[in-house]
Amino acid sequence: MKLTVEQVRHVATLARLSLTSEEETRYAEQLSAILDAVNQLQELDVSGVEPTSHATLASSLLREDVSRPSLPPEKSLANAPAKVGTSFAVPKILE
Amino acid sequence: MQLTDLTLLELAAKLASRETSSVEATQACLARIAQVDGKVKAFLRLDEHGALAAAEASDARRKDGNPLGPLDGVPVAVKDIFLTEGVETTCASRILEGFVPPYDATSVRLLKEAGLPILGKLNQDEFAMGSSNESSAFGPCHNPWDLTRTPGGSSGGSAAALAAREVFGTLGTDTGGSIRQPAALTNTVGLKPTYGRVSRYGVISYASSLDAPGPMARTVGDVAALLQVLARHDPLDSTSAPADVPDYLADLEHGVAGLRLGVPREYFVEGMDPEVEASVRAALKEYERLGATLVDLSLPHTKYALAAYYLIAPAEASSNLARYDGVRYGHRARDTKGLKDMYGLTRDQGFGPEVKRRIMLGTYALSAGYYDAYYLRAQKVRTLIREDFAKAFTQVDAVVTPTSPVPAFKLGEKVNDPLSMYLMDVCTLPCNLAGLPGLSLPCGFTKAGLPIGLQLMGRPFDEAKLLRIARAFEREHDYVRRQAPI
């Protein structure tokens, strides 16, 4: 399965990655080779087979809905690249 | 004999009898690290002050007659994927450079509560994506048995630090073989516990349905002792299993007489190194001599495991790694034009090539139009692989295979060929897809002096039996006493 540079660019947009043109070309080749290899799954008949999303869990586990302490703001913000008061700061979204 | 040549349990015994102190052991490790780690590069960073303070506290408890547990005072180190409060944690990625976690991973907390000083953070593949430790943003780790070769990955630093006798025990994580393959390539023992046996809380996520933290050490007994500290239900991890925890050292010496060991023909793959195959076959004969019955098995969907894994793991990774956006922690690109540009450039600058490749692959496999053909189909194949194992375990107590199809390869040999690198996990990753426990132990050396590993896989939560089977082989050989020439 051959992936085009345009498809790679589209996937990079979905993945929020700004690739260089050299990276786009390289990933088009490498991802095509990997997809060729994983395409062997298409030869199996999986009709009627249930998917396994977790190997050992029968169902999702829910804990009691009770409040408990969380990280204080100064700890939550300690690693922030930029902050304003008790908020994370990000570049402007609207002009 | 140097203090650092002791096994973890031997050191624990000397601490208990006051023949040595935790401070002496910790200083011996630090001296050994200073001596050899410039060549091995197993450590990304040391916490000398924290480790020595913990060692002093351990010695004080011992003096007062109140040790916290049987391993109180034994120095260990952890892969850089485990969060350590107050100690930088990068997961070997530029995107997390400078990140100082505000809390400990549960496994780290348990080690501290048991009194084990933590020497520092160990090298690994970036975000645990790799089989050679070469995708680390801070440079590769080297195999102490031959410094021109890889120690395996992704827990390469965890294995190399043990083989270089820099530390007595380590933590690794195993998503597709990342504990077992490096153990095999370095003459050490690594256990991937059953999914859910050891908490994932505070372990930086790669592929959440597959990730399994676990212990690594130089002997089977040492691994059993570490598992005893780590195995417990954790309410902070919704996938942690509320299963009973047995005494892992109790049955260790009970041997294999009467046990049935399955030998799946699909694991002796084309392209396997002949010396690896010969060692594994010899180990099987040894088990027969020790009283086990070998059972010829077929696990017919094995050949599809690699493809299923390399769709499921990247799909989960693409989702998990969405959190690295430059907003709350880690690297942020400068001088960007708005939010989207900041996201894209931050991630392009912060992630290395292997991580980007897997994010791209996962995003593609999950995207509209491809989800059913790739991701959903892979999940169905995962069911078939699980069923193969479930059927096998109606006939046998454990499955025995090679851990890695080849011994340690040269650094740089496969780094530009992702598919060839992915094949390094071919024997280990079915175990992750099925959520089973798996263990690698030394079973020989090549003529060139490179270690070879034997893999044991067991029923869910049957780690005790795997350890017992591994110990039966270990006590017949001196492999664990062989020291890497460094």
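Biologist: Why is E253(B) called partly exposed?
Modeller: Its relative accessibility is 43%. Buried means under 20% relative accessible area, exposed over 50%, and partly exposed in between, with a 1.4 Å probe and protein chains only. The value of E253(B) falls between those limits, so the residue counts as partly exposed.

Biologist: What kind of model do these values come from, and how are residues numbered?
Modeller: This is a predicted model, in which local features need pLDDT of at least 70 and side-chain atom pairs count only at pLDDT 80 or more, while totals for chains, interfaces and linings use all residues. Residues are numbered from 1 along each chain as its sequence is written, chains are lettered from A and ligands numbered from 1 in the order in which they are written, and side-chain values use heavy atoms, with hydrogens and water left out.

Biologist: What makes the contact of R475(B) and E253(B) a salt bridge?
Modeller: The term requires a side-chain nitrogen of Lys or Arg within 4 Å of a carboxyl oxygen of Asp or Glu. Here the N to O distance is 2.7 Å, so the pair qualifies. R475(B) lies in the segment after α15 of chain B and E253(B) in the loop between α7 (220-230) and β7 (260-264) of chain B, so the bridge ties together parts that are 222 residues apart in sequence. Helices (H or I, at least four residues) and strands (E, at least two) are DSSP runs, numbered from the N terminus. R475(B), at 37% relative accessibility, is partly exposed.

Biologist: How do you know that E463(B) and R197(B) also form a salt bridge?
Modeller: Their side chains meet at 3.5 Å, N to O, which is within the 4 Å limit. E463(B) sits in helix α15 of chain B and R197(B) in the loop between β5 (189-192) and β6 (212-217) of chain B, 266 residues apart. Both E463(B) and R197(B) are buried. Over all chains, the structure holds 33 salt bridges.

Biologist: What makes D462(B) a buried residue, and what does D462(B) touch?
Modeller: Its relative accessible area is 17%, so it falls under the 20% limit. D462(B) lies in the loop between β11 (451-458) and α15 (463-474) of chain B. It touches T194(B) and P437(B), not counting residues up to four places away in sequence; contact means heavy atoms within 4.5 Å.

Biologist: Why is Y195(B) called buried?
Modeller: Y195(B) has a relative accessible area of 1%, so it counts as buried. It lies in the loop between β5 and β6 of chain B. Leaving out residues up to four places away in sequence, it touches several residues, including H54(A), T56(A) and F461(B).

Biologist: How do you know that the buried residues of α1(A) line one face?
Modeller: The buried residues of α1 (residues 5-14) of chain A are V8(A), V11(A) and A12(A). Down the axis of α1(A), these buried residues fall within an arc of 105 degrees, so they line one face of the helix. The arc is that of the directions from the helix axis to the C-beta atoms. On the other side of α1(A), E6(A) and H10(A) are exposed. The cover over the buried residues includes α2 (21-38) of chain A and α11 (353-366) of chain B.

Biologist: What is buried between chain A and chain B, and how many salt bridges join them?
Modeller: The two chains bury about 5200 Å² between them, 65% of it on carbon and sulfur atoms. Buried area is the accessible area (1.4 Å probe) that two parts lose on being put together, summed over both. In this interface, 54 residues of chain A are in contact with 68 residues of chain B. There are 3 salt bridges between chain A and chain B. K356(B) forms a salt bridge with E23(A), the closest N and O atoms being 2.5 Å apart.

Biologist: Why are β1(B) and β8(B) called edge strands?
Modeller: The open sheet has 11 strands of chain B in the order β1-β3-β2-β4-β6-β5-β10-β11-β9-β7-β8, with mixed pairing. β1 (43-46) and β8 (293-297) of chain B each pair on one side only. Two strands pair if DSSP finds at least two bridges between them. β1(B) and β3 (residues 118-122) of chain B run antiparallel and are joined by 3 bridges, so they meet that requirement.
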